[in-house]
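User: I have a structure to go through with you. Can you take my questions in order?
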Amino acid sequence: MVRILMILTIIFMALYSCKTEPPKKVTLKDDVAFLAADTLLGRETGTAQELMAANYLQKRFQNLGLMPKGKANTYFQTYSFKPKTDPHSEVQFVSGDSTNTGTNIIGYIDNDALKTVVIGAHYDHLGMGGEGSLYADGVAIHNGADDNASGVAVMLQLAEKLKDTLMGSNYLFIAFSGEEKGLLGSNYFSKNPTIDLEKMNYMINMDMVGRLRDDNTLSISGTGTAPIWNQVLNATNPGFKLVLGESGVGPSDHTSFYLQDIPVLHFFTGQHEDYHKPSDDYDKLNYEGMKMIGDYILNIIAELDDDPKLTFRTTKNESEDVPRFKVALGVMPDYLFDGKGMRIDGVTEDRPAAAAGLQKGDIVIQLGDSTVVDMMSYMRALSTFEEGNSTKVVVDRNGKKVEAEITF
């Protein structure tokens, strides 16, 4: 009997030791590190490396238990397009085979609800540079960790948290292709939706949410697209310094949904010196800040879970008021600055601002004869100059006024 017990014990221990370990939880950093790795060569739309990223995201959706909601019961929604020869022209989608093919990845949580929340983020980037790059030293991999592996990673965490929890809505998760080439993927989806557009309640877009600053400043655009947005955003705010913008139109994928009369919100932590450069790497992101933003979005969704479908409201297209420029100062504006003037968040070498001695952190308060009180007044002032003009610029540098001569 003792011998039998010993044998059974050995068998039990052997079976226990062979027990399958639960799958390792994928973290925000894990997702960003994969998408922003050098092996993906910057995830340019239509490349084999973008397809590698698409396959990774397909597996992530599958492991999270999302239903495929692309074409032909897959997670993929592919589209073919002609590159724009005129940057101001509308993209032309074409049928049939093409070397220019983008791929949206779409997953779905079906709670048999009457309304659907769309949660999206673009996963493409600039590849090795080229058009859109701010890197002046030749060809290099633009990994795009903040832009926009950060948004994709937060989207994946939201998918995990929303599975089998909030049941008042269905949830459609879309990793968009082609954003950097002109919102191609979201534009195509909005015209070829894989669910009924009428059931879409609102769309949440996350683009560059990886650089939350120490003061917790968070930009949210689209707050005018539904009457309830300001109330909900303030009621659920855990302590962010919110910079709110009403317009539903902007340079990211939420615009495609706004143009279909769907309320939108766009989350953004601001531009920085690594924007559209090879230095936008995964080790520079604020992962705790990304988690805070994801939790905030989850609270917003929960607040609206039992509410009826939101009322859509049109907003002023602020981009129509943006002046045309013949010159550039050579600075990165701080779009999250809410004080008086235009705060400089970065200075480009060998450009007029650098030559004049302007520095990161300077606040432009006068350009030529124009007083600068905000971003729009700065742009209006800049639009009056042509190449070869010289003028004075006055900045607030740590509380002191500093005047310099600028030559464009």
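Analyst: The notes below go from the whole chain to single residues.

User: What sort of model is it, and how are residues numbered?
Analyst: It is a predicted model, in which local features need pLDDT of at least 70, side-chain atom pairs count only at pLDDT 80 or more, and totals for chains, interfaces and linings use all residues. Residues are numbered from 1 along each chain as its sequence is written, and side-chain values use heavy atoms, with hydrogens and water left out.

User: How many helices and strands are in the protein chain?
Analyst: The protein chain has 10 helices and 16 strands. These are DSSP runs numbered from the N terminus, with helices being H or I of at least four residues and strands being E of at least two.

User: And how much of the chain is buried?
Analyst: Of its 408 residues, 49% count as buried. Buried means under 20% relative accessible area, exposed means over 50%, and partly exposed is in between, with a 1.4 Å probe and protein chains only. The chain exposes about 19,600 Å², of which carbon and sulfur atoms supply 51%. Accessible areas come from the Shrake-Rupley method with a 1.4 Å probe, and for residues only the protein chains shown count as cover.

User: What share of the contacts is between residues 24 or more positions apart?
Analyst: Among contacts with a separation of 6 or more, such residues account for 74%. Contact here means heavy atoms within 4.5 Å.

User: Salt bridges next. How many are there in the structure?
Analyst: The structure holds 14. The criterion is a side-chain nitrogen of Lys or Arg within 4 Å of a carboxyl oxygen of Asp or Glu.

User: Which residues are linked in a network of them?
Analyst: Arg213, Asp334, Arg343 and Asp345 are. Arg213 bridges to Asp334 at 2.9 Å, N to O. That pair links distant parts of the chain, 121 residues apart: Arg213 is in the loop between E7 and E8, and Asp334 is in the loop between strand E11 (331-333) and strand E12 (342-347). Arg213 also bridges to Asp345 at 3.3 Å, N to O. Here the partners are 132 residues apart, with Asp345 in strand E12.

User: Where do Lys291 and Asp295 lie?
Analyst: Both lie in helix H8 (residues 287-303), 4 residues apart, about one turn of the helix. An α-helix has 3.6 residues a turn, so residues three or four places apart point the same way. The side chains of Lys291 and Asp295 form a salt bridge of 2.9 Å, N to O. Lys291 is partly exposed at 40% relative accessible area, and Asp295 is partly exposed at 24%.

User: What about Asp207, which is buried yet has no salt bridge?
Analyst: Asp207 sits in the loop between strand E7 (200-206) and strand E8 (217-221). The nearest side chain of opposite charge, Arg43, is 8.7 Å away. For that count, Lys and Arg are positive, Asp and Glu are negative, and His and the chain ends are not counted. The side chain of Asp207 does make a polar contact of 2.7 Å with that of Ser252. A polar contact is a pair of N or O atoms within 3.5 Å; within protein, one must be able to donate a hydrogen and the other to accept it, and residues adjacent in sequence count only if both atoms are side-chain atoms.

User: And Met208?
Analyst: Met208 lies in the loop between E7 and E8 and counts as buried, at 4% relative accessibility. Leaving out residues up to four places away in sequence, Met208 touches residues including Asp147, Phe268 and Tyr275.

User: Where is the place of His125?
Analyst: His125 is in the loop between E5 and H4, and counts as buried at 2% relative accessibility. The His125 side chain reaches the backbone oxygen of Asp147 at 2.8 Å and makes a polar contact of 3.3 Å with the side chain of Glu180.

User: Last one. How many residues of helix H5 are buried?
Analyst: In H5 (residues 184-191), 7 of its 8 residues are buried, so the helix is mostly covered. Among them are Leu184, Tyr188 and Phe189.
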